[in-house]
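Here is a walk through one predicted model. Follow the aromatic rings, then the sheet, then the core.

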Amino acid sequence: MHSLNQEIKAFSRNNLRKQCTRVTTLTGKKIIETWKDARIHVVEEVEPSTGGGCGYVQDLSLDLQVGVIKPWLLLGSQDAAHDLDTLKKHKDGVVLVHCNAGVSRAAAIVIGFLMNSEEISFTSAFSLVKNARPSICPNAGFMEQLRTYQKGKESNKCDKIQELEGDNSS
């Protein structure tokens, strides 16, 4: 078995596999990035590649839908946050929580906020937000954190009940 020191000494750039990365820019331009002589080399792709694409479809349409969670709490995308006409439809003193698409990050924040401030369950908060903005889909990590937060709240509630029962029995 080789030691890490031997592996490092035996390292050679010549043994590395050549890599190229296909990139689709925000404007939709497709380029290929490769490394040459310790520098990045960019080549514009003339024809779009078939297959092996990015795994998503670029959506350039504006998302101006704003979900009204509570009369004072709104959820939307950055498109809505940047559109003055959309914002003017809502009265002063209202908070718009937004992220890039208004689907994952902002939705998770609003769900957690409702769980805390309204003292409702994860399921109730999720339903409330989903009904107001059907496109929400918090990522798996956020969903796990919200469920963990729910368990912590339930555990704290049980501890407080036991504490109160102990005080009443003495």
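Two aromatic pairs occur in this structure. Rings of Phe, Tyr and Trp (its six-membered ring) pair if their centres lie within 6.5 Å; planes under 30 degrees apart count as stacked, over 60 as edge-to-face and the rest as tilted. Tryptophan 72 and phenylalanine 113 make an edge-to-face pair, because their ring planes stand at 80°, with the centres 6.1 Å apart. This pair links distant parts of the chain, 41 residues apart. Tryptophan 72 sits in the loop between strand 4 (67-70) and strand 5 (73-77), whereas phenylalanine 113 belongs to helix 4 (residues 105-117). Helices (H or I, at least four residues) and strands (E, at least two) are DSSP runs, numbered from the N terminus. Tryptophan 72 is partly exposed at 35% relative accessible area. Phenylalanine 113 is also partly exposed, at 37%. Here buried means under 20% relative accessible area, exposed over 50%, and partly exposed in between (1.4 Å probe, protein chains only).

The other pair is phenylalanine 122 with phenylalanine 126. Their centres are 5.9 Å apart and their planes meet at 40°, so this pair is tilted. Both residues lie in helix 5 (residues 122-132), four residues apart, or about one turn of the helix. Phenylalanine 122 is buried at 10% relative accessibility, while phenylalanine 126 is partly exposed at 22%.

Residues are numbered from 1 along each chain as its sequence is written, and side-chain values use heavy atoms, with hydrogens and water left out. Because the model is predicted, local features need pLDDT of at least 70 and side-chain atom pairs count only at pLDDT 80 or more, while totals for chains, interfaces and linings use all residues.

Three strands form an open, mixed sheet in the order 4-5-6. Two strands pair if DSSP finds at least two bridges between them. Strand 4 and strand 6 (95-99) are the edges: each has a single partner strand, so one side of each lacks a neighbour in the sheet. From one strand to the next, the twist averages 30°. Strand 4 and strand 5 run antiparallel and are joined by three bridges. Lysine 70 faces leucine 73 across this pairing, and valine 68 faces leucine 74. A hairpin connects strand 4 to strand 5 through two residues.

Serine 77 lies in strand 5. At 1% relative accessibility, serine 77 is buried. Its side chain reaches the backbone nitrogen of aspartate 79 at 3.2 Å. Leaving aside neighbours within four places in sequence, serine 77 is in contact (heavy atoms within 4.5 Å) with residues including Asp63, His98, Cys99 and Arg133.

What about the nonpolar core? A core is a set of buried Ala, Val, Leu, Ile, Met, Phe, Trp, Tyr and Cys residues joined through side-chain atoms within 4.5 Å. In soluble globular proteins, nonpolar side chains tend to be buried together. The largest core has 19 residues, and Ile69, Leu75, Val110, Ile111, Leu114 and Val129 touch the most other members. Strand 5, strand 6, helix 4, helix 5 and helix 6 (140-169) each supply at least two residues. Helix 4 gives the most, with seven residues. Isoleucine 111 touches Phe122 and Phe126, among others, not counting residues up to four places away in sequence.

Key:
A polar contact is a pair of N or O atoms within 3.5 Å; within protein, one must be able to donate a hydrogen and the other to accept it, and residues adjacent in sequence count only if both atoms are side-chain atoms. Axes are lines fitted to C-alpha atoms, for helices over the stretch in contact, and angles run from 0 to 180 degrees between N-to-C directions.
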